[in-house]
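Hi there,

Here is the structure I promised to send over. Have a look, and then read on for what I found in it.

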Amino acid sequence: MPKVTLFAKRETNLDPMQAAKDDRPVWLKIGTGVLIFVLICTFVYLFCPYTRIQALVCSGNYYFTPQQIYGIADVSVNQRTYLNLPQQMEKKLLANPLIESADVYYDGQVLNLDIQEKTIIGYYEENGENYLLTSQGERIPVTSQTELRTLVHYPLLADLSPEVLDSIAKEVREHPDQLTRSVFEKIAEILPWQESYDKNMLKLVLQDGNTIFTSIPSLFMMSTYQQVLVNLQGENVCLMLDGDNGVVNKIACSYMYLSPEERAENREIPKSVLDQNIYPTPQENSQQTDSSTDQSQTDQNQTAADQNQAATDQNQAPAPSENQDPNAQQTPAADQTPAADQTPASQPTSGQIPEDLSTITDWEGSAVDYMQHSPSTNLFYNTDNGIYYTYDAASDTFYPY
């Protein structure tokens, strides 16, 4: 019986290339599609304007300008975001010795660079090279032009020993709120200034021409300088910072430049701080003493004469009448009562301070601005702030009374 075929097989000639494609494994087909998709996306990303950095924002910088920060990070506007990864820019910023921390991140097409710089106290020169002193006591050599341009922000630390530099850095670390960058920016130079009672005093020459003398523990008082300027009168004045009493004293600049020998001379009367024209010379003192002696002798003679006259008047007093009781007690008449102003008042001796300081009337000027001196009490009065002071000759220091 013949075989019947319901569906006849059609013989066709297939394309060899198509046949090869049909014979590829499935994973290869999927991989090819993914690769094509990635290439398309990459092409769009490379040439799309939305993949460029549109703006740069710098924050936290003080010494460096934003342009200097961008140069350190090696980034600019219109660069591709994928070519400037935040981690790479942070490493470049932290490689700079003046930058303490850095945080770089993208906000859309805006690149933010948030940095924290080290606190620089000043710079000094050693062996022909410049070094920066930080609040942590680091000595950073100035090697690049970028760092060299920042020296205008720092005071010059001239002739200070390494121990003094470390002490200043320690003081800045202990008072970060008072000794800020803006304080040191007002200072042009910091120099050593030796006193008999403190070998580590400092002389601060300010940008405005004024001069400040202070010990290292009183350096934090520089935070009040801006307030002092409000009421400060005169130009190129000298100030003394007293951290123990929390005051800033205006002093005569000539007094600070006296030699230790001149200050030590005749400390019983602090001539190193008083106006020499006010106080008489020893010869004048002798003349005044002789005059006072003569006047005292005259007063004593006059007193003796008055007493003799009083005795004579008493002897010439009328005898009591016969009707008068001789035993009766006589009451002096009203006009015989001695006047109050005739009673000799006790004069305060030199150095005696009354309870009511407003009763002192012998104030005289001194070489210290706004400071008056009372010879009878040896007190000083500041007419500017209304405070009374005592003077310690051993340390050449005024202390509030």
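Buried means under 20% relative accessible area, exposed over 50%, and partly exposed in between (1.4 Å probe, protein chains only). S254 is exposed, because its relative accessible area is 52%. S254 belongs to helix α9 (residues 253-256); helices are DSSP runs of H or I with at least four residues, strands are runs of E with at least two, and both are numbered from the N terminus. In sequence S254 and V368 are 114 residues apart, while their C-alpha atoms lie 9.2 Å apart in space.

Before going further, a word on the source: this is a predicted model, where local features need pLDDT of at least 70 and side-chain atom pairs count only at pLDDT 80 or more, while totals for chains, interfaces and linings use all residues. Residues are numbered from 1 along each chain as its sequence is written, and side-chain values use heavy atoms, with hydrogens and water left out.

Now to helix α3 (residues 66-73), whose buried residues are Q68, I69, Y70, I72 and A73. They pack against β1 (55-59), α4 (86-94), β2 (99-107), β3 (110-117) and α5 (145-149), where contact means heavy atoms within 4.5 Å. Just after α3, D74 has a positive phi of about 60°.

How do α3 and α4 pack? Their angle is about 110° and their axes are 8 Å apart, which means α3 is roughly perpendicular to α4 (65 to 115 degrees counts as such). Axes here are lines fitted to C-alpha atoms, for helices over the stretch in contact, and angles run from 0 to 180 degrees between N-to-C directions. I69, I72 and A73 of α3 meet M89, K92 and L93 of α4.

Best wishes

Key:
Angles under 35 degrees count as roughly parallel, over 145 as roughly antiparallel, 65 to 115 as roughly perpendicular and the rest as oblique.
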